Each structure stands twice: as C-alpha cells, then as structure tokens.
Amino acid sequence: MTDAGPTPAPTPAPGPFPCPFCGPRDEAEFRYGGDPDVARPGPGSSDEDWARYLYVRENRRGLAREYWVHAQGCGLWLIAERDSVTHLIHSVREATP
Amino acid sequence: MSPPSIGEKPRYSALRLFLEGLRGQSGWGPAWRSPEPRRRYDAIIIGGGGHGLSAAYHLARDHGLTDVLVIEKAWLGGGNTGRNTTIIRSNYFNRASQAVYDASLKLYEGLSRELNYNIMFSQRGSIELAHSSAEMEGLRRVVNAMQVNGIEASLLTRDEVLDMVPLLDPRRDCRWPVAGAMIQRRAGVARHDAVAWGYARAADGMGVDIVQNCAVSGFRIEAGRVTGVETPFGLIEAKVFGMAVAGASPELAALAGFRLPLLCMTLQAMVSEPLKPCLDQVVASTPNGAYVSQSDKGEMVIGGGLEHLPSFARRGGLAKTREVVASVVEMFPSFSTLKLMRQWGGTVDTSPDNSPILGPSPIPNLFLNCGWGTGGFKAIPIGGKLLAHLMATGRHHPLSEPFGLERFATGRLIDEAHAGVAHD
C-alpha cells in the first residue's frame with residue numbers, strides 16, 4: 001500500500017559516512033538529527049505555525065537535506081544531502097558557518 | 001455472530017470444497033473482478049491495502065454505499081499489509097488508543113466468519129517481557145490502565161513466564177534476565193494476505209470496483225474541494241475521497257497541496273527456516289528491541305525496532321538486521337543455530353505521538369487514514385470502519401474523534417511512544 005511497484009533493484013551499498021572532521025567512518029556512529037530547513041516562528045505566531053514548526057518535516061522521497069550528528073565520534077553537527085531511496089550520500093558539510 | 005456479508009459471492013464451505021473437488025475445481029470464479037473503472041463514482045478510496053479495502057467493505061456494509069472505487073498503485077495488500085509481522089493486540093496505555101485497538105481486536109475475532117474467509121486468526125497470547133523490577137513496575141502500570149478500561153491483561157511472574165516459554169534464557173546473570181512479563185491472552189497473529197483478500201472479495205461482492213496497477217498522479221481541485229483524481233485511466237470523479245496509503249501519504253498529500261506531520265522510515269522483519277512447533281506465544285522484549293512468533297509454517301517471524309532515519313528504500317539495512325538477530329539470540333539462545341530465510345522492509349509513516357491520524361484533511365471532502373506507523377496491521381478492521389464512517393457521514397465516529405489532524409495544533413497528543421518494540 002505504500003509505494004509503487006515491486007521492490008527496487010539493488011543499488012550500490014552506501015559507503016562509510018564521510019565526516020568532514022574525522023574522514024570516512026562507520027554509519028553506525030552517526031545519528032539523524034532532523035530537518036535543517038525548518039524556521040522557528042516568531043513571538044505571537046499562531047498555534048498552526050507552531051505545529052508546523054514542531055511536527056511537519058520535508059520527508060522527501062529522493063534527494064533530501066538533513067541534519068546529522070557524529071554522535072559517537074567528534075560530535076560535529078552536519079548537513080548532509082542524502083537520497084532517501086538509495087541512501088547514497090551526495091554531500092556533507094559542517095552545519096555551523 | 002453476524003452472518004457473512006459477502007454480497008453476491010458464492011459461499012466458501014466444506015461442502016462446496018467437496019463438490020468442487022468432484023468437478024475439478026472449475027466453479028470457484030475469481031475472488032474479485034478487475035473492471036475498467038467508470039468515469040464517476042460516489043466515493044473513491046486511494047490505497048488497496050488492508051485499511052483501504054476494509055474501508056470499502058464498511059462503506060458498503062454499514063452505510064449502503066456501493067458506488068465505490070478502490071484504486072491501488074501496485075497490487076492488493078502488497079505494501080505494509082503484506083510486510084508486517086501480523087501481530088494483533090490492544091495492550092496500549094492511553095484510553096483513546098485502547099478503545100481503537102481493542103475495537104479492532106474484537107472485529108478480528110469475528111472476521112473469518114463475517115467475511116466467509118479464513119484469516120487464520122490465532123489468539124495465542126502476546127507476552128511482553130520485563131528484565132528488572134523497574135520494568136515490571138512499568139508493565140504493572142500498563143496492565144492497570146488496561147484493566148481499569150475493561151481490557152483483559154495480566155502480569156506473569158518469572159517462574160510463570162519460564163514455564164510457558166521454556167526456550168527463554170533462564171539464567172539470572174545474562175544481559176537480559178527474565179524478571180516477569182505482561183500477557184494479553186486474546187492477542188495473536190493472523191494471515192495478512194487473507195485479511196486484504198477477504199475484505200476485497202466481500203467488498204467486490206457488494207458491488208465495489210477494485211482496480212490495481214492504477215496510481216494517482218494528481219487531484220482535480222475546484223473551489224477548495226476535490227472533484228476527481230488523475231489516473232492512467234484518465235480523470236475519475238467522485239463526491240468524497242479517502243486516502244489510506246501509509247508510507248505514500250506525504251507524497252499524496254503534496255499532490256493535493258497540503259503537508260502532514262509524518263516521517264517515513266524503514267521497518268524490517270525476517271523469518272527463519274521452519275521448525276517444529278516450539279514457541280506457543282508472541283514474545284516481545286521492548287528493552288532488548290526484538291519480538292518473535294512462530295508462523296503456521298514453522299518459521300520464526302522476527303521483528304525489531306525502526307531504523308531511525310528517513311527512508312523510502314523499502315528494504316532493511318544489515319546493521320539493524322544484526323542488532324535484531326543479536327537481541328533474539330540473547331532471549332532465545334537455542335535460536336543461534338537457525339538460518340534466516342528471508343528479510344524484507346516496508347516504509348512506515350510514523351507520526352509525532354505514535355498514534356494514527358484519522359479525520360478530515362485540510363480539503364473537506366478528502367479524509368485521512370494514515371500515521372499508523374509500525375502498528376497498522378492490527379488496526380485494519382477498525383481503521384477501515386472509521387474511515388468509512390468519516391466518508392459516509394462527514395463526521396467523526398466517537399472512536400476516531402481524538403485522532404484528528406488538529407491535535408498537533410491544540411496539543412492534545414495521544415502519546416504512545418512506548419507502545420512496544422515497534423508496536424508491530
């Protein structure tokens with residue numbers, strides 16, 4: 001009932017997660033950290049705006065922008081561009097400017 | 001017990017099986033037609049999984065609405081309906097959840113007879129293990145909450161658990177020693193395909209059209225209401241629409257111009273090679289992160305927790321497989337010699353409070369049945385009934401009232417974040 005058609009053909013397994021500080025590390029060391037493109041509403045915003053901020057996520061099939069954190073490594077917060085179907089990582093950079 | 005509601009379909013029975021045996025099984029006919037969809041219906045349900053087919057059945061049976069179309073992107077029951085571990089239970093904490101899941105369990109209890117289709121519902125009991133006195137207190141809290149609301153559940157001592165499930169690791173110094181458990185004896189497992197097929201056959205018998213391999217590519221929206229859906233068969237119009245598409249809900253909502261508070265992730269499951277009967281119940285350990293039951297074929301059906309990253313991959317990662325298998329072997333050391341036969345994954349639509357979303361969408365004549373996350377199979381009968389009620393009357397059934405989309409703005413969340421390993 002979820003997606004179309006048969007299970008997709010196998011794609012190349014995602015390699016190690018490339019941490020900009022530590023280099024390639026096992027993906028198990030990293031944790032998904034949420035949607036980086038959610039803007040916090042200002043004072044006086046409506047309940048609906050707050051609900052959107054708290055709960056609605058991009059949740060995109062295909063290339064998605066995501067926060068990740070190297071939780072069991074250097075602790076760096078990252079912004080990754082990752083494909084949510086193949087799990088291949090297209091780019092990773094430090095989240096702080 | 002209500003008589004079967006299968007419309008014009010021939011009744012399945014032992015006598016008919018015997019007679020068909022005499023004439024070469026030539027008289028069965030297809031369980032459902034595959035008609036070309038018409039241009040216009042009273043109601044269209046998007047999604048031919050358990051919830052969508054159950055909704056079609058209830059529209060026809062409860063509300064007399066038979067000018068109904070079910071459209072399915074792929075094949076009936078091929079999504080999460082066919083990818084779960086088939087556990088049916090109602091051991092939840094909140095009153096609103098208990099009411100929904102127990103109503104569903106009660107419908108399952110009569111479903112084989114009602115649909116004249118053997119869904120092989122086996123009420124073998126579901127055991128949730130505790131590994132410390134603190135965890136026992138947690139289970140005591142859930143059991144009390146269930147008993148207060150009239151739902152059967154009880155606690156088991158360590159000795160009682162080990163007596164019922166002798167394959168569990170009995171040592172006191174292992175990583176997850178058994179301290180006791182909670183049991184819901186009415187819980188069990190059913191044949192998942194049969195649930196989808198039984199509803200499809202019964203709905204078809206009452207006149208519902210079911211069309212497979214028919215993806216919705218867009219909505220026609222006029223004056224704030226949906227008037228039709230774009231499909232490979234062209235535009236199909238209707239007065240009221242329902243969507244029950246689980247992991248495809250965010251995409252379908254985007255086509256209709258709104259967003260949902262869902263996050264799609266992969267939940268995987270696996271089965272071992274078949275064994276002789278050796279595990280009588282469903283056994284779960286939330287702290288350890290795995291649950292097991294034995295299928296009628298003898299395979300150990302194994303599930304674990306979610307993979308905590310957004311994913312539409314529909315296949316499980318090996319890291320999680322290893323974690324779940326390790327948990328199972330810690331519970332049942334003798335299972336370490338088993339070979340895994342198959343491993344698979346489904347895309348589950350998780351909601352922020354782990355409770356489903358039922359009710360009107362931002363478009364008033366398009367109704368939602370989504371957000372069941374990892375626990376949708378057990379809710380198929382009630383999920384369909386409640387969606388049908390919404391579509392037929394435009395109003396909530398009292399059971400679905402607390403589960404509307406507006407709860408995320410009002411803050412009246414129904415927190416079931418700890419409703420089991422992955423609430424199956």
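Of the 97 residues of chain A in this predicted model, 19% count as buried. The chain holds 1 helix and 6 strands. Read from the N terminus, its elements follow the order β-β-β-α-β-β-β. Among contacts in chain A between residues at least 6 apart in sequence, 46% link residues at least 24 apart.

Confidence in chain A averages a pLDDT of 86, and 84% of the residues score at least 70. Residues 7-11 of chain A have a pLDDT below 50. Beyond near neighbours in sequence, this stretch makes 5 contacts in the model. Where pLDDT is low, the predicted coordinates should not be read in detail.

Chain A meets chain B through 22 residues, which are in contact with 37 residues of chain B. On the chain A side, two elements each give two or more residues: helix H1 (47-55) and strand S4 (63-69). H1(A) supplies the largest share, with 4 residues. By class, the side of chain A that touches chain B comprises 10 nonpolar, 6 polar and 6 charged residues.

The loop between H1 and S4 of chain A contains A:Asn59. The phi of A:Asn59 is positive, about 55°, although this residue is not a glycine. A:Asn59 has 24 other C-beta atoms within 10 Å and is therefore buried.

Chain B also has a residue other than glycine with a positive phi: B:Ala246, with a value near 45°. B:Ala246 sits in the loop between strand S12 (240-243) and helix H8 (249-256) of chain B. Because 30 other C-beta atoms lie within 10 Å, B:Ala246 is buried. A positive phi is also found at a glycine, B:Gly24, where the value is near 70°. B:Gly24 follows H1(B). Helix H1 of chain B spans residues 14-22 and is hardly covered. The count of buried residues among its 9 residues is 0.

Helix packing in chain B was examined around H2(B). Two packed helices are described by the angle between their axes and the distance between the axes. Helix H2 (residues 50-63) of chain B packs on helix H10 (residues 380-393) of chain B at an angle of about 55°, and the axes are 7 Å apart. The angle makes H2(B) oblique to H10(B). The crossing of H2(B) past H10(B) is right-handed. From H2(B), the contact draws on B:Gly50, B:His51, B:Leu53, B:Ser54, B:Ala55, B:Tyr57, B:His58, B:Leu59, B:Asp62 and B:His63. H10(B) contributes B:Ile380, B:Pro381, B:Gly383, B:Gly384, B:Lys385, B:Leu387, B:Ala388, B:Met391 and B:Ala392. These residues of the contact of H2(B) with H10(B) divide into 10 nonpolar, 7 polar and 2 charged.

H2(B) also packs with helix H7 (residues 192-205) of chain B. Here the angle is about 30° and the axes are 8 Å apart. An angle under 35 degrees counts as roughly parallel, so H2(B) is roughly parallel to H7(B). H2(B) passes H7(B) in a left-handed crossing. On the H2(B) side, the residues are B:Gly50, B:Leu53, B:Ser54, B:Ala56, B:Tyr57 and B:Ala60. They meet B:Val195, B:Ala196, B:Tyr199, B:Ala200, B:Ala202 and B:Ala203 in H7(B). The contact of H2(B) with H7(B) has 10 nonpolar residues, 2 polar and no charged. Several residues of H2(B) take part in both contacts, among them B:Gly50, B:Leu53, B:Ser54 and B:Tyr57.

Further along chain B, the segment after helix H11 (407-410) includes B:Ile414. B:Ile414 counts as partly exposed, because 19 C-beta neighbours lie inside 10 Å; burial requires 20 or more. Leaving aside neighbours within four places in sequence, B:Ile414 is in contact with B:Asn94, B:Ala96, B:Ser97, B:Asp353, B:Ser355, B:Pro402 and B:Phe403. B:Ser112 lies 302 residues from B:Ile414 in sequence. In space, the two are 31 Å apart, C-alpha to C-alpha.

Methods. Residues numbered from 1 in each chain as written. Chains lettered and ligands numbered in written order. Predicted model: local features only at pLDDT ≥ 70, side-chain atom pairs only at ≥ 80, totals over all residues. Axes fitted to C-alpha atoms, helices over the stretch in contact; angles between N-to-C directions. Parallel < 35°, antiparallel > 145°, perpendicular 65-115°, else oblique. Left-handed = near helix turned anticlockwise from the far one by under 90°. Contact = placed C-beta atoms within 7 Å. Nonpolar A, V, L, I, M, F, W, Y, C, P; charged D, E, K, R; others polar. Buried ≥ 20, exposed ≤ 12 C-beta atoms within 10 Å, placed from the backbone. pLDDT = per-residue confidence, 0-100.
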